[in-house]
Amino acid sequence: MTPVPGARQHTVVDSPYGPLTLVATDGVLSALYMTDQRHRPPEESFGVPDPEPFGETIRQLGEYFDGGRTSFDLPLSLAGTPFQRSVWAELLKIPYGETRTYGELAEELGKPGASRAVGLANGKNPVGIIVPCHRVIGASGSLTGYGGGLDRKQRLLAFENGGARDETPALF
């Protein structure tokens with residue numbers, strides 16, 4: 001049987017930041033959603049439950065949450081506008097434990113006046129944590145919007161800066 005193009009599968013894994021829903025399109029990671037995440041699509045759009053495409057993603061997330069991984073090496077299928085995809089590509093360049101402002105990202109994209117557009121694209125990032133939108137902060141250094149909630153953003157940044165590890169067990 002020939003696979004249907006655009007076929008989607010999903011699975012849910014536990015993490016120190018709550019359950020994470022992983023979604024694959026044609027066997028490639030296309031989304032990572034947190035509970036109560038802004039811009040989270042309806043569950044029926046996630047496709048059939050099937051953990052098969054996610055073995056490597058789950059392994060790398062486990063290493064990240066255990067403190068043994070600072071970047072991810074996974075194929076991604078990111079659906080968005082060309083501008084959104086350019087912002088998400090810049091997010092992947094922000095090193096672990098560092099932050100950038102929306103304005104700095106706009107400048108790196110060659111669009112110095114586009115910090116608000118960068119913020120909107122950042123908020124639509126479909127693969128949180130792995131595409132590290134939590135590493136983007138306001139111009140004053142403040143923690144501004146995060147689709148997964150400001151509490152999670154603060155905890156992720158503290159974790160990456162050597163703060164206390166969350167004690168919630170990850171089931172990896």
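Mentor: Helices are DSSP runs of H or I with at least four residues, strands are runs of E with at least two, and both are numbered from the N terminus. This is a predicted model, in which local features need pLDDT of at least 70, side-chain atom pairs count only at pLDDT 80 or more, and totals for chains, interfaces and linings use all residues. Residues are numbered from 1 along each chain as its sequence is written, and side-chain values use heavy atoms, with hydrogens and water left out.

The protein has five helices and six strands. Read from the N terminus, their order is β-β-β-β-α-α-β-α-α-β-α. Of the 172 residues, 41% are buried (under 20% relative accessible area; exposed is over 50%, partly exposed in between; 1.4 Å probe, protein chains only). The exposed surface comes to about 8700 Å², with 54% supplied by carbon and sulfur atoms (Shrake-Rupley method, 1.4 Å probe). Contacts here mean heavy atoms within 4.5 Å. Among those with a separation of 6 or more, 61% join residues 24 or more positions apart.

Next, the core itself. A nonpolar core is a set of buried Ala, Val, Leu, Ile, Met, Phe, Trp, Tyr and Cys residues joined through side-chain atoms within 4.5 Å. The largest one holds 33 residues, and Leu20, Leu22, Leu32, Leu61, Leu91, Ile129 and Ile130 touch the most other members. Two or more residues each come from β2 (20–25), β3 (28–34), α1 (55–65), α2 (82–91), α3 (102–108), α4 and α5 (150–160). Helix α1 gives the largest share, four residues. In soluble globular proteins, nonpolar side chains tend to be buried together.

Take Leu22. Leaving out residues up to four places away in sequence, Leu22 touches Gln9, His10, Thr11, Val13, Leu29, Ala31, Leu32, Phe54, Thr57, Ile58 and Leu61. Stay with helix α1, where Gly62 is also found. Gly62 is buried because its relative accessible area is 7%. Its C-alpha lies 8.2 Å from that of Ser15, 47 residues away in sequence.

Then the loops. Ile129 sits in the loop between α4 and β6. With a relative accessible area of 1%, Ile129 is buried. Its phi is near 70 degrees, a positive value in a residue other than glycine. Most residues other than glycine have a negative phi. Cys133 is found in the loop between α4 (115–123) and β6 (136–137) too. Cys133 counts as buried because its relative accessibility is 7%. UniProt, in an unreviewed entry, places the feature "active site" at Cys133. UniProt positions use the numbering given here, feature names are shortened, and annotations may be inferred rather than shown by experiment.

Asp26 lies in the loop between β2 and β3. Asp26 is not a glycine, yet its phi is positive, about 55 degrees. At 48% relative accessibility, Asp26 counts as partly exposed.

Last, strand β5 (residues 100–101), where Arg100 is found. Arg100 counts as buried because its relative accessibility is 19%. A 3.2 Å polar contact joins its side chain to that of Glu98 (N or O atoms within 3.5 Å; within protein, one able to donate a hydrogen and the other to accept it; sequence neighbours count only if both atoms are side-chain atoms). Beyond four places in sequence, Arg100 touches Ile94, Pro95, Leu105, Glu108, Arg135, Val136 and Ile137.
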